[in-house]
Amino acid sequence: MTRRELREEIFKIIFQTDFHSKEELVAQATLFLEDAGYSTKDREEILAKCSEIFDHVEELDATINAVVEGWKTTRMSKVDLSLIRLALYEMKYDKTPKGVAINEAVELAKQYGTDHSSGFVNGVLAKFNE
């Protein structure tokens with residue numbers, strides 16, 4: 001799988017965080033990936049990254065809430081929030097270049113979000129690029 005494909009699958013799994021209890025997430029993610037037919041290596045990489053993101057969700061949300069004006073993570077679209085969490089995680093912990101993380105999140109927002117998602121995601125993530 002390419003980095004973009006891996007990122008997209010990670011996004012799909014972390015999107016589920018607000019719909020399942022933390023205890024269920026690993027089982028849900030494992031089932032999702034098994035049904036998709038990915039290689040063991042790709043499944044392990046996706047699950048490891050998702051687990052790391054799950055472990056940092058509270059910190060990521062606090063960081064997001066500290067920079068957004070007029071918004072809180074509790075009010076954000078789940079798609080937008082998942083993409084922002086993923087990109088912020090990549091910038092802070094994965095050492096992905098900020099421009100790459102932002103661009104990838106914006107592209108996924110265009111595909112999975114609303115007409116306004118890409119601009120919103122870009123605007124929030126740009127605050128971390130300052």
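Residues are numbered from 1 along each chain as its sequence is written, and side-chain values use heavy atoms, with hydrogens and water left out. In this predicted model, local features need pLDDT of at least 70 and side-chain atom pairs count only at pLDDT 80 or more, while totals for chains, interfaces and linings use all residues.

Helices here are DSSP runs (H or I, at least four residues), numbered from the N terminus. Axes are lines fitted to C-alpha atoms over the stretch in contact, and angles run from 0 to 180 degrees between N-to-C directions.

Take H1 and H3. Helix H1 spans residues 3-15 and helix H3 spans residues 40-67. Their axes come within 10 Å and cross at roughly 50°. H1 and H3 are therefore oblique to each other. Angles under 35 degrees count as roughly parallel, over 145 as roughly antiparallel, 65 to 115 as roughly perpendicular and the rest as oblique. The crossing of H1 and H3 is right-handed. A right-handed crossing has the near helix turned clockwise from the far one by less than a right angle; anticlockwise is left-handed.

Which residues of H1 and H3 make the contact? H1 supplies Arg3, Leu6, Glu9, Ile10, Ile13 and Ile14. H3 supplies Asp42, Glu45, Ile46, Lys49, Cys50, Ile53 and Phe54. Contact means heavy atoms within 4.5 Å. By class, the contact of H1 with H3 has eight nonpolar, no polar and five charged residues. Ala, Val, Leu, Ile, Met, Phe, Trp, Tyr, Cys and Pro count as nonpolar, Asp, Glu, Lys and Arg as charged, and the others, Gly among them, as polar.

Now H4 and H5. Helix H4 covers residues 78-92 and helix H5 covers residues 98-112. Their axes come within 9 Å and cross at roughly 165°. That makes H4 roughly antiparallel to H5. The crossing of H4 and H5 is right-handed. On the H4 side, the contact uses Val79, Leu83, Ala87, Glu90 and Met91. They meet Lys98, Ala101, Ile102, Ala105, Leu108, Ala109 and Tyr112 in H5. This contact of H4 with H5 has ten nonpolar, no polar and two charged residues.

**Aromatic rings**

The structure holds five aromatic pairs. Rings of Phe, Tyr and Trp (its six-membered ring) pair if their centres lie within 6.5 Å; planes under 30 degrees apart count as stacked, over 60 as edge-to-face and the rest as tilted. One of the pairs joins Phe15 and Phe19. The pair is tilted, at 5.3 Å centre to centre and 50° between the planes. Phe11, Phe15, Phe19 and Tyr112 form one aromatic cluster.

**Buried or exposed?**

Buried means under 20% relative accessible area, exposed over 50%, partly exposed in between (1.4 Å probe, protein chains only).

| Residue | Relative accessible area | Class |
|---|---|---|
| Glu9 | 6% | buried |
| Ala105 | 4% | buried |
| Glu104 | 11% | buried |
| Phe15 | 26% | partly exposed |

Glu9 sits in helix H1. Leaving aside its neighbours within four places in sequence, Glu9 is in contact with Met1, Phe32, Tyr38 and Ile46.

Glu104 lies in helix H5. Not counting residues up to four places away in sequence, Glu104 touches Arg4 and Arg7.

Ala105 also has its place in helix H5. Beyond its neighbours within four places in sequence, Ala105 contacts Leu83, Ala87, Val121 and Leu125. Ala105 and Ser117 are twelve residues apart along the chain, and their C-alpha atoms are separated by 9.9 Å.

Key:
Helices (H or I, at least four residues) and strands (E, at least two) are DSSP runs, numbered from the N terminus.
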